[in-house]
Amino acid sequence: MSRIKPPFPYFGTKGRFYKEIKKIFEENYRKNFIDLFAGAMEIPLSLKNEFKELKVLANVKDEKIESLLKIDVMALYNKGLKYLEWDFNINSRDLYYKDKNKFNDHNTKLKKIFFNVCPCCGKRNNKDKNLNKEKDYFTDIEKTVLTVLFGFGGCSTSLSNSFYSPQKLETLEIYLKSLKTIEITNNLFDENMEFKDSFIFLDPPYVQKTVKKDRKFLGYNYATNKGIDWTIDDDERLVQFIKNNQNKNNVFLVFGSIDNNLSKLLKDNFTCEFIEKEYKHSTFGKATIRSEYFCLIK
């Protein structure tokens, strides 16, 4: 198996484009692979798994993934299952469809880790000031990681219907083992960083045209709960970073949404090749067609 998939959902992962990225990388091979907005690290981990000699640097600035890197994840995964009193002979998805009431009981117990829960309906109870004992059973960093491993969508205190299966356990073990094969940093983006002889993968937060702050359009907060927003000024810093690192035998592959602010800056500042790709996106069972671009700069 060449691809290393995260054992949890991760918003914005580029794994669906892995074949295309791999092909572009092979055609523009460099001995170093740099991913400065690595997220769940599916691309750098998968390339390292295929190209054993490759030196890989993945920079992650995401509170949930950073927390995952700081603890014994397998121990926590098993601690969480033990807390839920989970039957290892049953896949969570099977229980979800066969016995919804029992699954909801597990879901209520998970919620008790994070806040007070009404014993009657399982909903959050803000009126009761008495703290649940469960709140002290896990540390804050463990709670953060549990939302990734167990939570709906990889970022929730509601139990996912796919949080446990032997296959997920195997995927988690492979993922954690693969993390040890690459260099991982946790730095905010700095346009003054310098690299040479590298294939530099850039998938920054996309600036949203509908959200403004101080008269500037914002992208997604790429350091969860840290109050750090990506703006059009940061798009310009990214362009400056590329300029600073040109003529050093580097190749750049930039991702973005069609017609966003960064795409215009790239076209204005570089001779580059744009490749547009459509993909299906599903949210709550509703499928839509979306488009993104790859921009190759040599």
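**Helix packing and aromatic contacts**

Ile232, Asp235, Glu236, Leu238, Val239, Ile242 and Lys243 of helix α9 meet Asn261, Leu262, Leu265, Leu266 and Asn269 of α10, contact meaning heavy atoms within 4.5 Å. These residues comprise 7 nonpolar, 2 polar and 3 charged (nonpolar: Ala, Val, Leu, Ile, Met, Phe, Trp, Tyr, Cys and Pro; charged: Asp, Glu, Lys and Arg; polar: the others, Gly among them). The model is predicted, with local features requiring pLDDT of at least 70 and side-chain atom pairs pLDDT 80 or more, while totals for chains, interfaces and linings use all residues. Residues are numbered from 1 along each chain as its sequence is written, and side-chain values use heavy atoms, without hydrogens and water.

Helices α9 (residues 232-244) and α10 (residues 261-269) pack at about 35°, with axes 10 Å apart. Helices are DSSP runs (H or I, at least four residues) numbered from the N terminus; axes are lines fitted to C-alpha atoms over the stretch in contact, and angles run from 0 to 180 degrees between N-to-C directions.

Helix α4 (residues 73-84) packs against α7 (residues 140-149) at an angle of about 80°, with the axes 10 Å apart. The two helices are therefore roughly perpendicular (65 to 115 degrees). Val73, Leu76, Tyr77, Lys79 and Gly80 of α4 contact Glu142, Val145, Leu146 and Leu149 of α7, a set of 6 nonpolar, 1 polar and 2 charged residues.

The charged end of Lys109 sits over the ring of Tyr83, 5.0 Å from its centre (NZ of Lys or CZ of Arg within 6 Å of the ring centre and within 35 degrees of the ring normal). The charged end of Lys267 is likewise placed over the ring of Phe274, 4.9 Å from its centre.

Note on methods. Angles under 35 degrees count as roughly parallel, over 145 as roughly antiparallel, 65 to 115 as roughly perpendicular and the rest as oblique.
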